[in-house]
Amino acid sequence: MKLAALDLKKWISLLSAGFLLAALVGHGRQLLQLSLDGQGWLWLLLGVGLSLLSLVANGLALGVVLQWLGLIPRWQALVLAYLQTNLRKYLPGGIWHLSARVNLLRSAGAPLAAPTSGGVALLAVLLDPLVAAVMALALVALGGLQGGLGLLCLLPLLLLLPRWLNPLLAWLERRRAPELALENWQGLVDQSPRLPSYPWPLLLAQLGFVLLRFAGFACCVLAFDLQWSLEWTGWLAGFALAWTAGLVVPGAPGGLGVFEAVLLLRLGFAVPEAPILAIAISYRLVVSLADLLAASTARLDAARINGGSSGVDRS
């Protein structure tokens, strides 16, 4: 089963990268003809700033998850820890940021009033991206029916009902815990609590994060002056679908290739492919730079606050 999963991830990565490479080769000449003026570069700079802000919002959203589970976050320390671990999503496998957060939340240096159990830590770390994905898919509906896609993307909201969410989380825990290389992972799964109610606070927190993420993408659209090619609700729907695919589809770390391929397939009917590729590439550079800046500044802040000890594994 593990070998099959690894093969699936490898094939998805290869197919996504191959599709993106073919598109780049096929539209290379058109891409070279696209250029940015001074205002365009300013839009990209603003995109970096908004992407940085979205990472802070996601760290706060994780705090909302922990608070909803009955824990008391130390908000500044939690956001700093979140930003420091975020770069690990680019490591092969794309899951090591999750492993680092589970280990941190149950360690003596946890950014909480008191360390939590491994089961609660695992639940929180898996619930956070799950709710973000459901929220992002719900935003696809703002683009209209889209041949039924808009309605279909609302259905995952039903998965957050406790009768469906608890079995789904139990399955995710059993599947992810061994991959995260956690000690006594079976015990962690057994310790994980069940959720009693619909997670409305989590959805609202993730709404802010996803909209800020889209704002960074919108800056890339504005940088190439392509905002008139499609209504903003259409841009949002296409982005939300591609971002969710990059988050949940097992493939390259950080959704690399998956996001770009889905964006190209979804919006290629309305916008020429070369400009979409330019937007996708610029957005990838914007968010990668934001990830790097966030992790670097968080490490410096944590070292300053804690006298050189961030509470995060630096190995």
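The model is predicted: local features require pLDDT of at least 70, side-chain atom pairs count only at pLDDT 80 or more, and totals for chains, interfaces and linings use all residues. Residues are numbered from 1 along each chain as its sequence is written, and side-chain values rest on heavy atoms, with hydrogens and water left out.

**Packing of α3 and α4**

Helices (DSSP runs of H or I, at least four residues) are numbered from the N terminus. Helix α3 (residues 38–68) packs with helix α4 (residues 75–86) at an angle of about 120 degrees, and their axes are 9 Å apart. Axes here are lines fitted to C-alpha atoms over the stretch in contact, and angles run from 0 to 180 degrees between N-to-C directions. The angle makes α3 oblique to α4; oblique covers what is left after under 35 degrees (roughly parallel), over 145 (roughly antiparallel) and 65 to 115 (roughly perpendicular). Contact (heavy atoms within 4.5 Å) involves, among others, Leu55, Val56 and Leu62 of α3 and Trp75, Leu78 and Tyr82 of α4. The residues of this contact comprise 11 nonpolar, five polar and no charged. In this classification Ala, Val, Leu, Ile, Met, Phe, Trp, Tyr, Cys and Pro are nonpolar, Asp, Glu, Lys and Arg are charged, and the others, Gly among them, are polar.

**The enclosed helix α5**

Helix α5 (residues 96–105) is largely enclosed by the rest of the structure, because eight of its 10 residues are buried. Buried means under 20% relative accessible area, exposed over 50%, and partly exposed in between, with a 1.4 Å probe and protein chains only. Among the buried residues of α5 are His97, Arg101 and Leu105. The buried residues of α5 pack against α3, α4 and α6 (118–140).

**Salt bridges**

Three salt bridges are present in the structure. The term denotes a side-chain nitrogen of Lys or Arg within 4 Å of a carboxyl oxygen of Asp or Glu.

| Asp291 | Lys89 | 3.3 Å |

Asp291 lies in helix α13 (residues 273–306) and Lys89 in the loop between α4 and α5, 202 residues apart; both are buried. Glu173 is buried, at 1% relative accessible area, whereas Arg194 is partly exposed, at 39%. Arg284 and Glu260 are both buried.

Conventions. Helix = DSSP H or I, 4+ residues; strand = E, 2+ residues; numbered from the N terminus.
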